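Reader: Can you walk me through this one? I'd like the overall picture, then some residues.

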Amino acid sequence: MRYVMPLGFLLMIVSLITNRHSIRLEAILAGVLSFPSVLCFAGGVAGMALMMYFAFNLDSSDLKANWIEQLTNGISQMLIFLGLLFILI
């Protein structure tokens, strides 16, 4: 994870730079703000904010707290993925 994740982010940034002329921000914003996807993205952002709260207030060595964090993370990422799927449909 330590080596592959930064490489993935670097590749995403390189692709944004090389394709900057073909990216239509108006279409992306319209897709994100369309009805079903905006609910999914709002839930995903709320879940990520909850994860930040958990990082400061829960003991991650506690088994119950760890499961709460992992479930919240999984649901948040699922909602973001569903939001992206709704944009593509």
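**Helices and their contacts**

Author: Phe-41 touches Val-32, Ile-80, Gly-83, Leu-84 and Ile-87, leaving out residues up to four places away in sequence. Bear in mind that this is a predicted model.

Reader: Where is Phe-41 found?
Author: In helix H3.

Reader: Is Phe-41 buried or exposed?
Author: Its relative accessibility is 16%, so Phe-41 counts as buried; the cut-off for buried is under 20%.

Reader: Step back. What is the secondary structure of the protein chain?
Author: There are 4 helices and 0 strands. Read from the N terminus, the order is α-α-α-α. The radius of gyration is 16 Å, well over the 12 Å that the globule rule gives for 89 residues, so the chain is more spread out than a compact globule.

Reader: And what does the C-alpha trace span along its principal axes?
Author: About 50 × 35 × 20 Å.

Reader: How much of the chain do buried residues make up?
Author: Buried residues are 13% of the 89. The chain exposes about 7300 Å², and carbon and sulfur atoms supply 75% of that area.

Reader: What share of the contacts comes from residues 24 or more positions apart?
Author: Such pairs account for 60% of the contacts with a separation of 6 or more.

Reader: Which residues of H3 are buried?
Author: Ser-37, Cys-40, Phe-41, Gly-44, Gly-47 and Phe-54. Their cover includes helix H2, residues 25-32, and H4.

Reader: And which residues of H4 are buried?
Author: Ala-65, Glu-69, Thr-72, Ser-76 and Gly-83. Helix H3, residues 35-57, is included in what covers them.

Reader: Why would residues three or four places apart point the same way?
Author: An α-helix has 3.6 residues a turn, so residues at that spacing point the same way.

Reader: Take Ser-76. What is it in contact with, beyond its neighbours within four places in sequence?
Author: Gly-44, Gly-47 and Met-48. Ser-76 sits in helix H4, and at 2% relative accessibility it counts as buried.

Reader: How far apart are the C-alpha atoms of Ala-46 and Ser-76?
Author: They are separated by 7.8 Å, and the two residues are 30 apart along the chain. Ala-46 is in helix H3 and is partly exposed, with a relative accessible area of 45%.

Reader: Now Thr-72. What does Thr-72 touch?
Author: Thr-72 touches Gly-47, Leu-50, Met-51 and Phe-54, not counting residues up to four places away in sequence. Thr-72 belongs to helix H4 and is buried at 14% relative accessibility.

Reader: And Gln-77, where is its place?
Author: Gln-77 is in helix H4 too. With a relative accessible area of 47%, Gln-77 is partly exposed. The C-alpha atoms of Gln-77 and Met-51 are separated by 11 Å, and these residues are 26 apart along the chain.

Reader: How far is Leu-11 from Leu-88 in space?
Author: They are 22 Å apart, C-alpha to C-alpha, and 77 residues apart in sequence.

Methods. Residues are numbered from 1 along each chain as its sequence is written. This is a predicted model: local features need pLDDT of at least 70, side-chain atom pairs count only at pLDDT 80 or more; totals for chains, interfaces and linings use all residues. Side-chain values use heavy atoms; hydrogens and water are left out. Helices (H or I, at least four residues) and strands (E, at least two) are DSSP runs, numbered from the N terminus. The radius of gyration is taken over C-alpha atoms; the globule rule is 2.2 Å times the number of residues to the power 0.38. Buried means under 20% relative accessible area, exposed over 50%, partly exposed in between (1.4 Å probe, protein chains only). Contact means heavy atoms within 4.5 Å. Accessible areas come from the Shrake-Rupley method with a 1.4 Å probe; for residues, only the protein chains shown count as cover.
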